[in-house]
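Subject: Structure handover

Hi,

Here is the structure I promised to pass on. Please open it and keep it beside this email.

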Amino acid sequence: MLIFLYGPDTFRSREQLKKMIAKFSVDRDPQGLNVVRLDCEKERPERLWQEINASPFLAEKRMVILEQLLVSKQTEVHVELLRQIEEDRLPKTTILLLFEEGEPKNKEANVLFERLKKEKYTQSFPLLSPKQLAVWLKQTIEEKDTTISQEAVEYLVNAVGNDTWRLNSLLDQLVAYAGQKRPIEKSDVQLFLDD
């Protein structure tokens, strides 16, 4: 199985990556022996192929996460991975998850990128519009078991924009400040944003 996560909203894509690793660990790898994360800007091609082709240890599947492959200078890996995808030659026992935060850096990476976007399990994480951001803020605050006023949401969206890393950090602070007994109000947000 091939999974591809990419896009400029790195907070949401990292959160999705964490959820996928956690689900795999619970469902298939409770011992924690079959999840491998590799930074392709630092690893040698031999190590990447060794991990992709290795058999699972005491499990049916293993998960290999290749981070930043398309921004790396590993053109030979880009070409070979594309060939293996096209020929359906990736090991069936490996869940290969490609995680990208940047844009492809060369022609070979761009060709691979275009192919990966067509895969069944591809998720893009674009920057959110103000309206989408407001929905995301409300969902995120509900996951933190509290509520927020519409006025506070609008103030946050206007003041911070689509920096989801900063927004999540502010939400954590606001939840700690306001507690779960009352909704977060605009006046609470102003305490953390206004100088």
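Below is what was found in it.

First, the ground rules. This is a predicted model, where local features need pLDDT of at least 70, side-chain atom pairs count only at pLDDT 80 or more, and totals for chains, interfaces and linings use all residues. Residues are numbered from 1 along each chain as its sequence is written, and side-chain values use heavy atoms, with hydrogens and water left out.

**Overall layout**

The protein chain has 8 helices and 5 strands. Helices are DSSP runs of H or I with at least four residues; strands are runs of E with at least two; both are numbered from the N terminus. Along the sequence the pattern reads β-α-β-α-β-α-β-α-β-α-α-α-α. The C-alpha atoms fill a box of roughly 55 × 40 × 30 Å along the principal axes.

Of the 195 residues, 46% are buried. Buried means under 20% relative accessible area, exposed means over 50%, and partly exposed is in between (1.4 Å probe, protein chains only). Take contacts between residues at least 6 apart in sequence: 75% of them join residues at least 24 apart. A contact here means heavy atoms within 4.5 Å.

**The cores**

The largest nonpolar core has 24 residues. Such a core is a set of buried Ala, Val, Leu, Ile, Met, Phe, Trp, Tyr and Cys residues joined through side-chain atoms within 4.5 Å. Leu66, Leu81 and Leu112 are among those with the most contacts inside the largest one. Elements giving it two or more residues include strand 1 (2–6), helix 3 (75–86) and strand 4 (94–100). Leaving aside neighbours within four places in sequence, Leu81 touches Trp49, Leu69, Leu90, Leu96, Leu98 and Leu112.

Another core lies apart from it, with 23 residues, among them Phe11, Leu128, Trp136 and Leu156. Trp136 sits in helix 5 (residues 130–143). Its relative accessible area is 11%, so Trp136 counts as buried. Beyond neighbours within four places in sequence, Trp136 is in contact with Phe11, Arg12, Leu128, Thr164, Leu167 and Asn168.

**The surface**

Leu33, Phe57 and Leu58 form a nonpolar surface patch, with about 340 Å² of accessible area together. Areas come from the Shrake-Rupley method with a 1.4 Å probe; for residues, only the protein chains shown count as cover. Patch residues have over 30% relative accessible area and no salt bridge; like charges are joined within 9 Å, nonpolar side chains (Val, Leu, Ile, Met, Phe, Trp, Tyr) within 5 Å. A salt bridge is a Lys or Arg side-chain nitrogen within 4 Å of an Asp or Glu carboxyl oxygen. Phe57 is in the loop between helix 2 (45–53) and strand 3 (62–67). Phe57 is partly exposed because its relative accessibility is 49%.

Best wishes
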